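Hello,

Here is the structure I said I would pass on. My notes on it follow below the display.

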Amino acid sequence: MTAAHKGTVNWPPENLVEVSDLHFSFDTNQVLKGINLSIPRGKVVAILGVSGCGKTTLLRHFGGQLRPSHGSVTFDGQVVHELNNTELYAMRRKMGMMFQVSGLFSDLSVFDNIAYPMREHTDLPEDVIHDLVLMKLHAVGLRGAHALRTSQLSGGL
């Protein structure tokens, strides 16, 4: 008899992302010093802070581009730094993350940069992609930025 037949159901974790005592340094520069964070499934979350405080470093741990010196990041129940390349690729297909610098196509509009992965990795109709992009921009406070080029976005400086 399987666990499901015994009344035990494996529900997805309540929090999509769990950061536990995360530490990371670039050489002697300690950037992350014991970060703890829970991001509930289905919530929109903004990570804010002054330039150089570790926002991008934290996000790179979410996607597995960096490995913590101590602590962990768990995404959808999986410890990110323990995943092999195939598992990382599968995990990344479940997440959407866009960095302001170095991850954007400079010759495309903000709208088309956000729509690009949806067009490449889904079979969604264009009208659904259009609505999703506008919803995402609105959710992060960039409602009127859809027609801008990436070079027209503020760098926060």
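V140 sits in the segment that follows α4 (126-139). Its relative accessible area is 55%, so V140 counts as exposed. Together with V44 and L142, V140 makes up a nonpolar patch on the surface. The accessible area of these three residues together is about 270 Å². Please keep in mind that this is a predicted model.

Now to the interior. In soluble globular proteins, nonpolar side chains tend to be buried together. The largest nonpolar core in this model is made of 17 residues. V17, V19, F62, V73 and M91 are the ones with the most contacts inside this core. Two or more residues come from each of β1 (15-26), β2 (29-40), α1 (55-62), β3 and α2 (85-92). Of these elements, β1 contributes the most, namely 4 residues. Another core, of 8 residues, lies apart from the largest one; F111, M118, V133 and L137 are among its members.

Strand β3, which spans residues 70-75, also holds S72. Is S72 buried or exposed? Its relative accessibility is 16%, and the cut-off for buried is under 20%, so S72 counts as buried. Leaving out neighbours within four places in sequence, the residues in contact with S72 are E18, V19, S20, L22, V79 and H81.

On aromatic residues, the count is 1 pair. It is formed by F24 and F26, whose ring centres are 4.8 Å apart. The planes of the two rings stand at 85°, and therefore the pair is edge-to-face. F24 is buried, at 9% relative accessibility, whereas F26 is partly exposed, with a relative accessible area of 41%.

Last, some backbone angles. Which value does phi of D27 take? It is near 55°, which is positive although D27 is a residue other than glycine. D27 is placed in the loop between β1 and β2, and with a relative accessible area of 80% D27 is exposed. D76 has a positive phi too, near 50°, and is likewise a residue other than glycine. The loop between β3 and β4 (78-79) is where D76 lies. With a relative accessible area of 22%, D76 is partly exposed.

Regards

How values were computed: Residues are numbered from 1 along each chain as its sequence is written. This is a predicted model: local features need pLDDT of at least 70, side-chain atom pairs count only at pLDDT 80 or more; totals for chains, interfaces and linings use all residues. Side-chain values use heavy atoms; hydrogens and water are left out. Buried means under 20% relative accessible area, exposed over 50%, partly exposed in between (1.4 Å probe, protein chains only). Contact means heavy atoms within 4.5 Å. Rings of Phe, Tyr and Trp (its six-membered ring) pair if their centres lie within 6.5 Å; planes under 30 degrees apart count as stacked, over 60 as edge-to-face and the rest as tilted. A nonpolar core is a set of buried Ala, Val, Leu, Ile, Met, Phe, Trp, Tyr and Cys residues joined through side-chain atoms within 4.5 Å. Patches are made of residues with over 30% relative accessible area and no salt bridge: like charges are joined within 9 Å, nonpolar side chains (Val, Leu, Ile, Met, Phe, Trp, Tyr) within 5 Å. Accessible areas come from the Shrake-Rupley method with a 1.4 Å probe; for residues, only the protein chains shown count as cover. A salt bridge is a side-chain nitrogen of Lys or Arg within 4 Å of a carboxyl oxygen of Asp or Glu.
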